[in-house]
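Please examine the sequence and the structure shown below.

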Amino acid sequence: MVSRRKFIKQSGLAVASAMVSSQVLAACGNKRPQEAEIGLQLYTMRDELAKDAKQTIMKIANIGYGHVETFYDYGTEKGSGKYWGLSTEELKNVLVDNNLQTYSGHYQLNNFLTMGKGQEDELKAQADIAVKLGQRYLIVPVPPFNLIDKLTLEDFKFMAEQLNKGGEYCKSLGLKIGYHNHFWEFRSYGPDKRTGYDVLVSETQPDLVAFELDMFWAIKSGAHPIELFAKYPKRFEMWHVKDIDKSKPDVIVGEGKDSLPSMDILKDIKFAEVGTGAVDYKAIFKKSEEAGLKHFFVEQDGIYMENHFESIRLSFNYIKDNLIGK
């Protein structure tokens, strides 16, 4: 028979254990629903990830972010299936341990999207990675690098065809292929001055191809997000939420600029923490239903604060306090 003293002691330990467990779960697993909506494109923290991926991901989660968008094949481990030294399975486990979802990833499809190549092997290999991570979207972040300053309407037409084909394959895996813009897509091509972006959106099938609208690059290209939502409703299932420094608001696309080398154009841009810059995000978020928004991600290509974690904390807090859950 258990003595009364021993029973009380064991019962106390059990209660204490339960309390600790519930506190841990509350801290790690019960973000408020509106906070869990806020994602981060990990490219923002690429320098920190290269130094210590596990610690960086933990700090991102501790700020309150609910999900992250990965980027693959940008660094020294091309084709390895690894992220900052972590295998796909290890990365998935780190995200799970930190109560982070990953709905989407950026994957380079240079050969698949280049006329005369159209290679499906890189699509299949990277789609496999996205599936292993449990992602829903495979996003193309940029046109083929070797074409950046040589793009034609025919290139965009071919990319649209390939995105439709890639969309069919991805659909068979439970994924959806998507496209993320910079500014090249908004340059005018041909005698009718049609933009590459118009080709991509109008010549892809909505059930197969989604678009991830990068607000910074669209606005810097003279394209207003709200007008795009009205023109192509429900096509913008994901957004990159990044702000434009008020000292550098000028449009970088148009006559006299479209023929300039990209590196010359990029010298005259500057990013800002969300809510501190020139973008009216309150107006944009009011149109999220028309856009077809499913997920959005904070991203800042360049951070000028010494503490990068404080930068992403400022963006997180502005979105939490001003743009969602209202």
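The following paragraphs treat a strand and its neighbours, then the nonpolar cores, and finally a loop residue. The model is predicted.

Strand E12 covers residues 295-298. His295 and Phe297 point one way from this strand, whereas Phe296 and Val298 point the other way. In a regular strand, side chains alternate between the two faces of the sheet. All four of these residues in E12 are buried.

Strand E12 pairs with two other strands. Strand E1 (residues 38-41) runs parallel to E12 and is joined to it by three bridges; here isoleucine 38 stands opposite phenylalanine 296. Strand E9 (residues 238-241) also runs parallel to E12, with four bridges between them. In this pairing, methionine 238 has histidine 295 of E12 as its bridge partner.

In soluble globular proteins, nonpolar side chains tend to be buried together. The largest nonpolar core of this model contains 88 residues. Among the residues with the most contacts inside this core are Tyr65, Phe236 and Trp239. Helix H7 (residues 153-172) supplies the largest share of the core, six residues. Residues up to four places away in sequence aside, phenylalanine 236 touches Tyr197, Phe211, Leu213, Leu228, Phe229, Ala291, Gly292 and Leu293. A second, separate core has five residues, including Met238 and Phe297.

Asparagine 99 lies in the loop between helix H5 (88-97) and strand E3 (101-107).

Definitions and conventions. Residues numbered from 1 in each chain as written. Predicted model: local features only at pLDDT ≥ 70, side-chain atom pairs only at ≥ 80, totals over all residues. Heavy atoms only, no water. Buried < 20%, exposed > 50% of the residue type's maximum accessible area, 1.4 Å probe, protein only. Pairing = 2+ DSSP bridges. Core = buried A, V, L, I, M, F, W, Y, C linked by side-chain atoms within 4.5 Å. Contact = heavy atoms within 4.5 Å.
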